[in-house]
Amino acid sequence: MASKLLRKKTVEELTASATPLKRTMKTFDLTMLGIGAIIGTGIFVLTGKGALTAGPALSISFLLAAVCCGFAGLCYAEFASMVPVSGSAYSYSYVAFGELIAFVIGWDLILEYALQAATVSAGWSGYFNKLLEGFGIHLPVELTAAYGTTPGVTTYFNLPGFIVVLIITWVLAVGINQTKRTNDIMVMIKLAIIILFIVCTVWYVNPANWKPFSPYGIYTFQPGSSKPMGIIPAASIVFFSFIGFDAVSSSAEETVNPNKTLPRGIIYSLVISTVLYIAMTLIMTGIVKYPDFANFVDAPVAGVILATGLNWLAFIVNLGALIGMTTVMLVQLYGQTRICYAMSRDGLFPKFFGEVDEKHHTPWKGTWFFGLLTAVAGGLININILFELVNIGTLSAFIIVSAGVLWMRHTQPDAHRGFRAPGVPVTPILAIIFCAVLIAGLTWQTWVRFVIWFAIGLCVYFGYSRRHSKLNGRPEPAVADIESGKGPEPLVD
């Protein structure tokens, strides 16, 4: 029993079982993919809530979240160069820790990508409605958000969010070339709009608004409140902004020379996004005093523009917000379908999710299945109480990947690595510590929901996946061999 739960795939098995997806992604495309996933919700939505939680020290919170992602990103980059196949943390865990841990992480990532895309579709709908109102067009209020999203307002369905997710799903289904081209164009436009905002508003910064810089310290509770305040709780919130760079590693089988281009794409996208986040945060809290963000917590950038009087900039920034959140949804749905594709190929999910279209070379059935599921979730469900699940799921995956680098350096020190994370064992240990600190900033309700999802996943694994795994046809190694990193000869399908 133990040997079945711990059975691993070798790097050779994973690469040998890869099926013919088109290899067209290069370093620039991967960097744009990462930026497309990272920059969006963080700047246009979460900066308001973050400023109320940490004050001007929100810039430190962004830096803390970025450092956490940076350490984890180096570990992802090493694994991506070592195991250049679809599946991201799922595939890496299969090599390092075995089937059960790999399944749990894959199940975890499905939750992460689906909930983030659904959550962002709700924010996208809000900005889209504001854009339409600027032209005198008003959708029925009942069709502008999911039920219970806005207190005191009767809403039933998020129609704009539902439609945009379906459009993105279609783009993903017709091929990686179209996906790559669409994402590259939207990310370039988004970056241009953000830089325009910085250049136009930096002159309105009042340094007095940065005092006190850290009104709530590192981690505190206000009198009569159970909600944590300070730099660490704010970092736990804005960590949501960085989720997505790991989706870059999901594109390994569609990447040209993945051993080199994947690590570059991950690291470049993280560095560029962090610089822009910190610059935007300092400017916004320098223009508007942090308590005033309570007046426009859902649209903080719009509030900053209002304070400057640059009304002509509002339309452009609204457009940038729409584009920014569109690219986030595109990359999340892309990453989700590639995780499911990898799990289906390994027999842990039904074959349905791994069927590749002969014309477009994409797993189109799985793409449409999860696209429709995400569209319906974003249309019907109030996502506000669930977004922290995305954070705890991602942080858990980061911890597993970082621990995997430590384990693989110990058990397979001579294995080929196109990129080696610097400073091992310090780098992965720091990644684990930072992730644990951010998890500590989440609420207990988030832990309960995560445990429930985890339990459902275990039921799926023991009820279906363990019996249908492709490794069932392979001689089982002894537990001692598994723990030492040794395994049977590669099984080629």
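Q: Why are H3 and H13 called roughly perpendicular to each other?
A: In this predicted model, helix H3 (residues 27-38) and helix H13 (residues 312-345) pack at an angle of about 110°, and their axes are 7 Å apart. Angles of 65 to 115 degrees count as roughly perpendicular, and H3 and H13 are therefore roughly perpendicular to each other. Their crossing is left-handed.

Q: Which residues make the contact of H3 and H13?
A: H3 contributes Leu-33, Gly-36 and Ala-37. From H13 come Gly-324, Thr-327, Val-328, Val-331, Gln-332 and Tyr-334.

Q: How do the residues in the contact of H3 with H13 divide by class?
A: Five are nonpolar, four are polar and none is charged. Gly counts as polar and Tyr as nonpolar in this division.

Q: What makes H4 oblique to H11?
A: Helix H4 (residues 41-54) packs against helix H11 (residues 258-287) at an angle of about 55°, with 11 Å between the axes. Roughly parallel requires an angle under 35 degrees, and roughly perpendicular 65 to 115. The angle of H4 and H11 therefore makes H4 oblique to H11. H4 passes H11 in a right-handed crossing.

Q: Which residues form the contact of H4 and H11, and how do they divide by class?
A: On H4 they are Gly-42, Ile-43, Thr-47 and Ala-51, and on H11 Tyr-277, Met-280, Thr-281, Met-284 and Thr-285. Five of these residues are nonpolar, four are polar and none is charged.

Q: What share of the protein chain counts as buried?
A: Of its 493 residues, 58% count as buried, with under 20% relative accessible area as the cut-off.

How values were computed: Residues numbered from 1 in each chain as written. Predicted model: local features only at pLDDT ≥ 70, side-chain atom pairs only at ≥ 80, totals over all residues. Heavy atoms only, no water. Axes fitted to C-alpha atoms, helices over the stretch in contact; angles between N-to-C directions. Helix = DSSP H or I, 4+ residues; strand = E, 2+ residues; numbered from the N terminus. Parallel < 35°, antiparallel > 145°, perpendicular 65-115°, else oblique. Left-handed = near helix turned anticlockwise from the far one by under 90°. Contact = heavy atoms within 4.5 Å. Buried < 20%, exposed > 50% of the residue type's maximum accessible area, 1.4 Å probe, protein only.
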